[in-house]
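Biologist: I'd like to go through the charged side chains with you, one label at a time. Could you show me the model?

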Amino acid sequence: MDKRTFLKLLSAAGAAPVTTPMSAWMAHEKLANWAGNLTYSTDRLQEAFSVDQIKTCLRAQKKVKVLGTRHCFNSIADSKFNLLSLKPMHEVVAIDAAAHTVTVDAGITYGQLGPYLDSKGFALHNLASLPHISIAGACSTGTHGSGEKNGNLATAVAALELVTAAGDVVTLSRKADGDTFRGAVVGLGALGVITRITLDIQPKFSVRQWVYENLPLSQMRDHFDAIQASGYSVSLFTDWQKQRINEVWIKSKVGDGPPFAAPAELFGAKRATKNLHPIAELSAVNCTEQLGVAGPWYERLPHFRMGFTPSAGKELQSEFFVPRKNAVDAILAVERLRDQITPHLLISEIRTIAADDLWMSASYKQPSVAIHFTWKPDWPAVRSVLPVIEKELSAFQYRPHWGKLFTIAPAQLRSRYEKLPQFLALAAKYDPAGKFRNDFLDTNLFNR
């Protein structure tokens, strides 16, 4: 299928309302992830409505993996034995206005929490491109939004509650538990079943969003820092062709310092005169509002609206984090591979993320730039090009996104996380028999 035909099908499906993640299973279809590229290794899926039900499940099963909103593109949440969904556990437990925190059940999504928080006068510091993902799953895999000063979504976690393999309920907090907490937040599903999360919140705010088209690659090279500093959150979209960045998305926080002036031209890129999709050929109907129209944070920080899927879902994704100081060199290294990449690509996105202190975060102790690839759903082709990209980025000691597709050798991956030995010890403490381990974790982390 050529790109034009594929995009027509993608656009037609993109306007379909979001269905619940359990719908395919309820229709007795094979249980698959959001993209459809991964069929889970078991159809034994149980829903939990309470902590007591989680404990019952853990007592009855030797092996369990928790499914979130199934947006991972690899097998990090797969199981040959038993799967557990916390989707029914999606309530806001409490807002502590004095402490500036909100506590939520693990199954809630950002799209569910955002409007509620805003109605109470509060906001989160950052959101990912999709509001459809669960908070627990996003934090556990180090999922991020964008912004020079914005940490990934997990950096908002102030405390979490989990049920261990032994059935004990453990609460860990930033204030009380130090290293143990920092090891547990991006826990990769290896420590236990997260049941509640407490997040830092701030006063609600509005955001204006502008899109610029056709930024010359030379201007990106010479002015990358200035471009990234132009907004609260900035994303660059490119297909790596024609020596240009296709689109620059600038999200400016209203009332946060001098407003973004939104000039008609930005380093040679032209301000868009209509709403755009990151893939220019697709309709922008499911994208968040642009053209500088102010709106609440939860309707502008994501790229896509909650009420619609961003595409048909039939795509693959990879993402690689490199140190922020190497951003331009890494981008240009990938651009040199353009003719090998673009036959299989839908679009790439480039974002910056602030450093953090979470052990298994891809931005641990280093500000990062993330180079993301949304691929056509052709795994053999993608699998053949990923090692080429990874080899080109190896000089920068890249770290792949935990929930997306990569081919790095496990030994190399392990070497890029200095706190891995301590993390493995933490996993052994809470899960000594490996109840929450699977092939992905055993291969990539536990070396088994």
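Modeller: Here it is, and keep in mind that it's a predicted model. Let's start with R336, which has a relative accessible area of 54%.

Biologist: What makes R336 exposed, then?

Modeller: Exposed means over 50% relative accessible area. R336 comes out at 54%, so it gets that label.

Biologist: And why is E392 called partly exposed?

Modeller: Its relative accessible area is 28%. Buried would need under 20% and exposed over 50%, so E392 falls in between.

Biologist: How do you know that E392 and R336 form a salt bridge?

Modeller: Their N to O distance is 3.4 Å. The cut-off is within 4 Å, so the pair counts. E392 sits in helix α10 and R336 in the loop between α8 and α9, so the bridge ties together parts that are 56 residues apart in sequence.

Biologist: What makes E418 and K365 a salt bridge?

Modeller: Here N and O are 3.7 Å apart. That's within 4 Å, so this one passes too. E418 is in the loop between α11 and α12, while K365 is in the loop between β18 and β19, 53 residues away. Both residues are exposed.

Biologist: Are R244 and D239 buried or exposed?

Modeller: Both are buried. They also form a salt bridge, with the closest N and O atoms 2.8 Å apart.

Biologist: How many salt bridges does the rule give?

Modeller: The count is 15. Some residues join up in a network: E319, E349, R351 and K404 are linked by salt bridges.

Definitions and conventions
Residues numbered from 1 in each chain as written. Predicted model: local features only at pLDDT ≥ 70, side-chain atom pairs only at ≥ 80, totals over all residues. Heavy atoms only, no water. Salt bridge = Lys/Arg side-chain N within 4 Å of Asp/Glu carboxyl O. Buried < 20%, exposed > 50% of the residue type's maximum accessible area, 1.4 Å probe, protein only. Helix = DSSP H or I, 4+ residues; strand = E, 2+ residues; numbered from the N terminus.
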